[in-house]
Structures are given as structure tokens and as C-alpha cells.
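Please look over the sequence and the structure shown below before reading on. The paragraphs that follow lead from one residue to its surroundings and then to the wider model.

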Amino acid sequence: MFFERPDGGERAILVHLDGQDPAAREDPQEFQELVRSAGADTVGFVSVARHQPSAKFLIGSGKVEELRDLVREGEVELVIFNHTLTPSQERNLERALECRVLDRTGLILDIFAQRARTHEGKLQVELAQLEHMSTRLVRGWTHLERQKGGIGLRGPGETQLETDRRLLRVRIRQIKQRLEKVRGQREQARRGRRRADIQLVSLVGYTNAGKSTLFNALTQSSVYAADQLFATLDPTLRRLELDDLGPVVLADTVGFIRHLPHKLVESFRATLEESSNADLLLHVIDAHEPERDEQIEQVLAVLTEIGAHELPILEVYNKVDLLEGIEPQIQRDADGVPQRVWISAQKGLGLDLLQQAIAELLGNDLFVGRMRLPQSLGRLRAQLFGLGAVQSESHDEEGGSLLDVRVQRVELHRLISREGFDTEQFLQQHTLQ
């Protein structure tokens, strides 16, 4: 939009830096998966062992020469770095290599732009792209005359640049206002769910862990699911009926990735709030992934960033069908509380165990017991039946109803209060030991 660059194609050379700092290290295999998800055709992969990144090129000048030769020989139009480049580094590399240069953040933004389907998703991607672009705008006007100082030597470049900076600021402000409205609508929907006492369960996890496949399996939906990174971008909510608990809302959200660009976390705040406001997080983990421990750490880091790290979490180890000697199961802590469930969403293995574990964790505030209701409380009896809270019924000699009840306490308290009784006294009088 703002840049005059060489016409780009999809033939790409990938550049990966292998440094000593484990905190800044990126995964080369994940990098190649990202490029594949973006639709590029990889011509070559260059790994650079460099512990002190260059301020000018990030890599050494010798490697830049080597890359330039590879670009010319392979007729490559795009070089992608598996790291974040500063605007000046990106500009210097484009001049030296005479082709487009993209860093890791730009690559992820491009994938997000391809995946966005809803109006909200497109707005969020555009916001992240514009904020990323605003720091790199200066290079778009190198073809215009630059201000050199002195009367008569001021060219149009600075004026044009300031105009486009202003246009960027205006557009960013407009998008933020629209997203604020979306955020308000989401908050209104959440208040409606809270009034109806419907709990929210949110799927979180590393990208390509199988969240959408699990979402479809649980809700019989047809959300797009594919073996690629960031297949899901737009959040989807569906109703899920759980035995002994009733309806909950299940949310499928965007996947996380190591060193997720901060601009994306900010831009997708409205979407990620579905996770930060959930009653229970299902952390979907690729059990077959060799680096699953590192992926778990990255997910927990993002949850901390969005303020969701203190919410109840149930670990869901997916793709158990790819492991030998592991059967679908629920693993519990010393108090018998479910901690992790081993399943295969693709094969439909262990889904009943997962639903059981969710119901246990969300239903820890259940009232389970036998109640005696005299005939005068027939309306309360009918309301309990209407909620599906009565497991069985018998009658005593006086014609009173003996009900085996399983219901959320908040719902039971609401019904009892509506009848004009004090909840605690009523339960003491009508609950049988």
C-alpha cells in the first residue's frame, strides 16, 4: 500500500540464526511450518551460527554476500528471517539482497491476514499490520527526493511521508474504536451468560495442537480444521450439553506460538478476553510433539500476559493415538481432582472422559442429595423437574415427594429464594441425611 518494492513472488530462502541464548532461540522446524502455512515455496534454508547479531544486517556481511548469490542463482524474490528485524536491518538487507525481506513478525501477520474470515478478525489483523508498518514507513519513500537542508532543496519526500503517517494514525484510531465496540458487545454477551448461569469453557493451546478438531468433535460443528499453523483465527462459540451439569459454552480461540508478537496480543485483546473470562481453560497439548514441554511454557507465558494464568486449567493431552502404550484416561491429583485427560480428538477416543472431567471441575459447586418436598411445594418440584435436576422420585406415606436432586447450588438457591424461603433454613429442613 505504501511501499514501492520489487514485484514479489512465493519463491523464498529461509534464514535461521542458531545462537547460544536459549530464551531467544526459535525452532527451525516450526519456522518451516510457518512458511508452508503462508503458502511460500522454499528454495533454500540457511542456518547461521551467530552469537552476536550485527546491528546492520543481523547476520555477518559474509553471509549477506552468500545470500545474495543464492538469491540471484535461484531467482528468489523473498528472503524470510526466523527472527525479528529492526526497520533499519530490514531496509539494509533489502538493499543488499535486491529482493523483499520479511521477518518472523511479518510472516505471522501475513498468515493471520490469510486466515481472517470475520469482520472482527480482519479489523484485528489490519490493526496489527498497520502498527507494524508504521515503524517501517520511511523506507517506502526512498524514490522521492529527500530534505537536504537549505532553501530550495526541500523535496516532496518529507511532506508525503508525514501525510501517510497521519493517514495511518487516523486509520489505526478508527479500527481501535470499532474494536472497542466489538469488545463492548462481547462483554454484553458475557453478562447475559452470567445472568443465565451458563459457564464458559475456553480451548487454549499451542497452534496446531488440535483445538479445532476437538471443538468439532465435542460440539458436532464444522469449524475449519487443518494440519497447519494458525488454521483458526476467528473465535467460535458453541453450546455443549454435559451430563449432570447441563449446558456450557465452549469457545475455540486462536493458537499461541513462541514469541507471539506483542502487536498481535494487543490487537487480539477482544478475542483473547474469551479466554481470560472463562470459568475453565482446556489447555490442549500435542502429546506427540517432541518439544511439548517448551510449548506448554509458551502457552502459560501468553496466558500470564492476558491475565488468565490464575484460572482453573485442565490439561488435555491430544493425539494419544500416535503414542504407544498410552490409553485414554483421566489423571487426578491427591484429592481426586482431574488434572489432565489423555484423548484423541481425531479418532474420538476419550471424549467421554474429557466431558466427565469438565463436569466434575465445573460442578464442584453442585448440590447432590435427597430432598423431601410436601405437596404444598408442588411448584418448586415442577421447577426442579424442568431443570432436569431430579434423578429419581418416590413418595412417602404422607404423599410428599422424595427427590434425588443434582443441581448447581446457585440455581437451587435462586429457586428457593423465589418461593420466599431462606435458603439455608429451607435446606436444613427439607434435605434428608
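**A walk through the model**

S401 has its place in strand β14 (residues 401-408); helices (H or I, at least four residues) and strands (E, at least two) are DSSP runs, numbered from the N terminus. The model is predicted, so local features need pLDDT of at least 70 and side-chain atom pairs count only at pLDDT 80 or more, while totals for chains, interfaces and linings use all residues. Residues are numbered from 1 along each chain as its sequence is written, and side-chain values use heavy atoms, with hydrogens and water left out.

Is S401 buried or exposed? Its relative accessibility is 7%, so S401 counts as buried; buried means under 20% relative accessible area, exposed over 50%, and partly exposed in between (1.4 Å probe, protein chains only). Leaving aside neighbours within four places in sequence, S401 is in contact (heavy atoms within 4.5 Å) with residues including M371, R381 and H395. S401 and G378 are 23 residues apart in sequence, and their C-alpha atoms are 8.8 Å apart in space.

Attention now turns to strand β3. From β3, L78 and I80 point one way and V79 and F81 the other, and all are buried. β1 and β3 run parallel and are joined by four bridges; two strands pair if DSSP finds at least two bridges between them. The bridge partner of A12 in β3 is L78. On pairing with strand β4 (residues 100-102), β3 again runs in the parallel sense, over three bridges, and L78 stands opposite R100 in β4.

I80 also belongs to the largest nonpolar core, of 32 residues, where V35, I80, L107, F256 and L303 touch the most other members. Such a core is a set of buried Ala, Val, Leu, Ile, Met, Phe, Trp, Tyr and Cys residues joined through side-chain atoms within 4.5 Å. Domain 1 (11-102) and domain 2 (193-363) both give residues to this core, so the core lies between them; the domain bounds come from an automatic or database domain assignment. Not counting residues up to four places away in sequence, V35 touches L14, A40, T42, I80 and L107.

How far may the model be trusted? The chain averages a pLDDT of 80, and 81% of the residues score at least 70; pLDDT is the predictor's confidence in each residue, from 0 to 100. Over residues 139-150 the pLDDT stays under 50. Where pLDDT is low, the predicted coordinates should not be read in detail.
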